Amino acid sequence: MSDQRLLDRVTVVVGGGRGLGKATCHRYAREGAIVMVADLDKDLAEGVVGKIEAAGGRASAVVMDVTKRPDVEDLVSSTVNDHGRIDVMAIFAGVALFGPAMDCTDEVWQRQLDVNVTGTFLCAQIAARQMIKQKSGRIITVSSVMGQRSGDRRMSYGTTKGAVIALTKHMSGEISPHGVTINSIAPGPVKTELWLAANPDEEAAESGYLTNIPMGRLGQPEDIANAAFMLASDDAAWITGHVLNVDGGFIATGVRDGIF
Ligand SMILES: NC(=O)c1ccc[n+]([C@@H]2O[C@H](COP(=O)([O-])OP(=O)(O)OC[C@H]3O[C@@H](n4cnc5c(N)ncnc54)[C@H](O)[C@@H]3O)[C@@H](O)[C@H]2O)c1
């Protein structure tokens, strides 16, 4: 018997070209899944596919823009044409444009809404239509701890992530009766390219977080990929509408005076 726990599952990882999505693509492939690596950036997506194939896994690159309905429709229909079904839709594509709320422009506001909220909506809705026909499927959205707590310079970004959490809960009531689950991973800070670009003062950002992370470290992409694996696995069969904080305790923590 194989110990690969996603053997032959058809998985789509949107925003799989780098960062947290890339780590998830590798984890899914190691667990035996077929992985559609969907990303705006062709070179990134093809790079991930090349590494998966070199390691003996199965993957295909799909270039798409998560904000465009026809692109998402093509992604889902080509996956179903090639593989007969879609078992997992994990939606990692996102942008983080930090700055003071008083300086937030309409362009910055709209761009984050487009990618983070509309992109999640399109991927979840279009995948769910197929999964409802199959009477099974897993949708994984990616929100953030910043959709639940405030953070300096994070008003517009955090607002989009709060919307992703609401979308996840609202959609779960409608699609879960059809055997399709939807859950959200809310990562804490992980030093990806997105995080480094949004936090040019890396040291200040890191120490600002560490005060409130009792586990004493930032996350690694694999911490998030582990959660994305668990939610895709059979072990998560009765979990839906849930927000899974993967954050070293950040959300749980309030005052810390170190007196124990
Ligand atoms: N890194 C963190 O600390 C952190 C914390 C909380 C939440 N998140 C969320 O996790 C997700 C992944 O973040 P990351 O740090 O891996 O970012 P990243 O920038 O490293 O990777 C994001 C990927 O999404 C792709 N992408 C961006 N816009 C796209 C679009 N319109 N269509 C298709 N693909 C697109 C990019 O090309 C890139 O490959 C994001 O939603 C982010 O908000 C990240």
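Residues are numbered from 1 along each chain as its sequence is written. In this predicted model, local features need pLDDT of at least 70.

**Exercise 1.** Determine whether strand β1 (residues 10-14) is enclosed or open.

*Solution.* Step 1: a residue is buried under 20% relative accessible area, exposed over 50%, and partly exposed in between (1.4 Å probe, protein chains only). Step 2: strands (E, at least two residues) and helices (H or I, at least four) are DSSP runs, numbered from the N terminus. Step 3: V10, V12 and V14 on one side of β1 are buried, as are T11 and V13 on the other. Step 4: because five of the five residues are buried, β1 is largely enclosed by the rest of the structure.

**Exercise 2.** Identify the strands with which β1 pairs.

*Solution.* Step 1: two strands pair if DSSP finds at least two bridges between them. Step 2: five bridges join β1 to the parallel strand β2 (residues 34-39), where V35 stands opposite T11. Step 3: four bridges join β1 to β4 (residues 88-91), also in the parallel sense; M89 of β4 is the bridge partner of V12.

Definitions and conventions
Predicted model: local features only at pLDDT ≥ 70, side-chain atom pairs only at ≥ 80, totals over all residues. Heavy atoms only, no water.
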